[in-house]
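Trainee: Please pick one part of this model and take me through it closely.

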Amino acid sequence: MGLKSQKPEISASTVHPVRGSLLRGAGSARALATCLLILVAGCVPDGLEDFDFQGLQPPPPPDELTGDALVGTASGGGLDVELYAARGGAHLGYVRLGLRVARSGEAVRDARIVISATPEAGPASGVALPVENPATAADADGFFRGAAFLLTPDTTARDFTIRASVETLDGASGEVTFAVEARNDLWMQKDGDLLVSWIDPLRPVVGNNLFTVAALRWTGSAFVPADGLGADLYPYMDMGGGDGHSTPHSAPEALGDGRYSWDVDFIMSGGWEMTVTLTPPGESDATARFVGYTVYDQ
Ligand SMILES: [Cu+2]
C-alpha cells in the first residue's frame, strides 16, 4: 500500500476532461502532464491519496440559492401582494422578481403591474433604476414575473424601495411598497463607474449555457446601459495545487441595452470564476470577476 500499485477506480465523473489549449498559469505544464497520465494510467495529483478532482472543489451551495425567496408582503387597495426574488432573495445586480396578488384570499391571475425601484441611500438615492414589468398574466405558479436592477455606485448603500402599482383587469387597483435590503454577492461586480450584472443563466449546468451580463454605467445622476464596449470572457476553474483550466466558449455577442452574451460549454461542475473584461473605446479595461459561481451536473 502507499505505492500506486492498485489500479484506481476511474469513472467518467472523476476523469478530468482537459484540452491543452484551455490550460493556463504556472501549473499548465504539470496539469497537462497530469491529465496525460490520467488518460494513460490514472494518476494522483500532489497531496491527494486518490484522484477525486471534484473533491478539490468546495461543496456546492444548496440548490435553493437559485430559487424564489419571499422578500415581503404588503397590502393596498384591497389587494394583498407578496414579493419574491430569485437566487434566494434580493441581491445587488439584476434581480428576477415574482409577485403574487390576492384579493379577499382569492389569487388574482390577470393584472397590469408597474414596478419601480429606487436606492434609499448613497449617491444614487432616489434615482429610478431600470426595471422590467411583468406580463399581464400570472404564470402557472401564480407569479407575475418581472425584474429590477438593484444598483448602487458604492455597494455599501444597499437599501432599496420597490413599488408595485397593481391594477386588476376588473378594475381593482392598489399600490404597495417594499423596503428591501440587497445582499452584496457575486451577482454584481463593479470596476470604477461600470457595474456588471449577471443576467443568465439563472442556474448553469454542465454543457451549453448562454452566459449573459449587463453593463451599466453610473453617470453621477443615472444608470445607463454601456453599449459599444469591447468584451472578453475568461471562464476558469481553479483545481488547486496551481492547476486550472478554462472551458470552450464563443466570441461575444452584443445584444444592446448594455448586454453581452457568450455561448459557454462548461466541461465540469463545481466552482468557476467568470472574468469579464470590458473595454470602453478610448478608455482602459474594466474587469468584473464573478468568483465561486456554481455549475451543476444537471
Ligand atoms: Cu476542473
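Mentor: Start with terms. Strands are DSSP runs of E, at least two residues long, numbered from the N terminus. Two strands pair if DSSP finds at least two bridges between them. The model is predicted: local features need pLDDT of at least 70, side-chain atom pairs count only at pLDDT 80 or more, and totals for chains, interfaces and linings use all residues. Numbering starts from 1 along each chain as its sequence is written.

Strand β10 covers residues 188–191, and strand β11 covers residues 194–200. They run antiparallel, joined by four bridges.

Next, follow the chain to the open sheet. Four strands build this sheet, in the order β15-β14-β18-β19, with antiparallel pairing. The edges are β15 (243–245) and β19 (286–295). Each edge strand has a single partner, so one of its sides is left without a neighbour in the sheet. From one strand to the next, the twist averages 25 degrees (axes are lines fitted to C-alpha atoms; angles run from 0 to 180 degrees between N-to-C directions).

Look at one pairing inside this sheet. Strand β14 spans residues 230–240, and strand β18 spans residues 270–279. Seven bridges link β14 and β18 in the antiparallel sense.
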